[in-house]
Amino acid sequence: MPIAPKPSSALLIVGHGSTENPDSSTPYFEHADEIRSRGIFAEVHCCFWKEEPSMREAGYLVDSEEIYVVPDFISEGYFTQDVIPRELRLTGPTTVVGGKTYHYCLPVGVHRSMTGLILKRAREVAPGVDPAQTTLIITGHGTGLNQNSTKAIRDQVELIAASGAGYAAVLDAFMEEQPFIAGWDKMALTPNVIVVPFFISDGLHSYQDIPVLLGIENEVGAAASQREIFRHNPHHVRNKTLYYTSAIGTERLLADVILDQVSDFDRIHKLS
């Protein structure tokens with residue numbers, strides 16, 4: 001969706017970050033660079049929960065008086081509904097803090113355009129593979145603490161199943177909530193399986209934990225940037241042909257989803 005230039009506004013991309021994995025913040029900075037290159041905003045910045053610059057420092061990064069805040073998170077839940085509003089002192093969709101006006105957008109993972117990115121990634125990792133002989137599994141973390149943490153994935157499963165993409169089955173699976181991704185081979189009845197991790201970065205979970213649960217690694221390996229060669233597809237494990245993609249958030253076009261959330265905010269709140 002085209003977005004009108006906002007030469008007097010700033011864009012603040014908020015991410016989780018990690019003190020344990022050096023690759024966790026890479027996609028956020030790449031998305032910021034991509035959007036910055038388009039010259040839409042006066043400023044584009046990133047801030048994090050677990051890395052510097054922190055959310056509480058964000059106000060000092062920005063000179064503009066109007067700031068669009070987009071959580072580069074995969075779902076609505078604890079971080080987007082509690083942590084970010086608390087740290088940025090946001091009380092609603094639009095909040096004035098310290099003389100600056102913050103517009104708080106929805107997280108990227110709940111936007112309808114994510115469906116196209118998942119299908120694009122699945123086609124790229126398994127070119128020429130017949131969807132009718134393939135199960136597509138979208139996997140995430142999952143937690144019993146917040147039902148919204150899995151809603152975005154389950155919504156995408158329904159959208160893709162109804163899209164006419166032709167997959168024999170489209171399923172959800174999680175690390176810490178049923179159905180568990182560790183049982184992927186029992187869930188899938190087809191000879192081919194594509195697993196798309198619904199995470200922003202190739203960090204601890206998507207690159208190190210889930211490969212062990214899938215059975216393509218025996219133990220948790222080093223971070224993606226510390227390996228000489230990225231994983232090669234397909235993997236022949238548990239009598240299936242398995243294709244495992246990079247995290248959906250590493251897709252370059254996710255920058256467009258960030259801009260889509262800004263456009264949707266303006267449309268819903270009649271700012272454009």
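**Exercise 1. How many salt bridges does the structure hold?**

Before counting, a word on the model. This is a predicted model, where local features need pLDDT of at least 70 and side-chain atom pairs count only at pLDDT 80 or more, while totals for chains, interfaces and linings use all residues. Residues are numbered from 1 along each chain as its sequence is written, and side-chain values use heavy atoms, with hydrogens and water left out.

Step 1: A salt bridge is a side-chain nitrogen of Lys or Arg within 4 Å of a carboxyl oxygen of Asp or Glu.

Step 2: read off the total. The structure holds 16 of them.

**Exercise 2. Find the partner of arginine 38 and say where the two residues sit.**

Step 1: arginine 38 pairs with aspartate 256, and their closest N and O atoms are 2.7 Å apart.

Step 2: this pair ties together distant parts of the chain, 218 residues apart: arginine 38 is in the loop between helix 1 (26-37) and strand 2 (41-48), and aspartate 256 is in helix 8 (residues 254-268). Helices (H or I, at least four residues) and strands (E, at least two) are DSSP runs, numbered from the N terminus.

Step 3: check the exposure. Buried means under 20% relative accessible area, exposed over 50%, and partly exposed in between (1.4 Å probe, protein chains only). Arginine 38 has 32%, so it is partly exposed. Aspartate 256, at 26%, is partly exposed too.

**Exercise 3. Work out how glutamate 251 is connected.**

Step 1: glutamate 251 forms a salt bridge with lysine 120, with 3.3 Å between the closest N and O atoms.

Step 2: again distant parts of the chain are linked, 131 residues apart, with lysine 120 in helix 4 (residues 114-125) and glutamate 251 in the loop between strand 10 (240-244) and helix 8.

Step 3: lysine 120 is partly exposed at 23%, whereas glutamate 251 counts as buried because its relative accessibility is 4%.

Step 4: widen the view. Lys120, Arg121, Glu124 and Glu251 are linked in a network of salt bridges.

**Exercise 4. Is aspartate 185 buried or exposed, and what about its partner lysine 186?**

Step 1: the closest N and O atoms of this salt bridge are 4.0 Å apart.

Step 2: aspartate 185 has a relative accessibility of 17%, so it counts as buried.

Step 3: lysine 186 is exposed, with a relative accessible area of 70%.

**Exercise 5. Describe the largest pocket.**

Step 1: On a 1 Å grid over the protein atoms alone, a pocket is an open set of points where a 1.4 Å probe fits, with protein on both sides within 12 Å along at least five of seven lines; lining residues have an atom within 4 Å of a point. Grid points are joined across faces, edges and corners, and the volume is the space filled by probe spheres set on the points.

Step 2: the largest pocket holds about 990 Å³ of space. It has 34 lining residues, and those closest to its centre are His16, Phe79, His141, Phe199 and His205.

Step 3: helix 3 (78-88), helix 5 (148-161) and helix 7 (204-214) each put at least two residues into this lining.

Step 4: sort the lining by class. There are 12 nonpolar, 18 polar and four charged residues. Here Ala, Val, Leu, Ile, Met, Phe, Trp, Tyr, Cys and Pro count as nonpolar, Asp, Glu, Lys and Arg as charged, and the others, Gly among them, as polar.

**Exercise 6. Which helix gives the most to the lining of the second largest pocket?**

Step 1: this pocket holds about 200 Å³, and its lining includes Tyr60, Glu87, Arg89 and Lys100.

Step 2: helix 2 (58-61), helix 3 and strand 5 (100-104) each supply at least two lining residues.

Step 3: helix 2 gives the most, with three residues.
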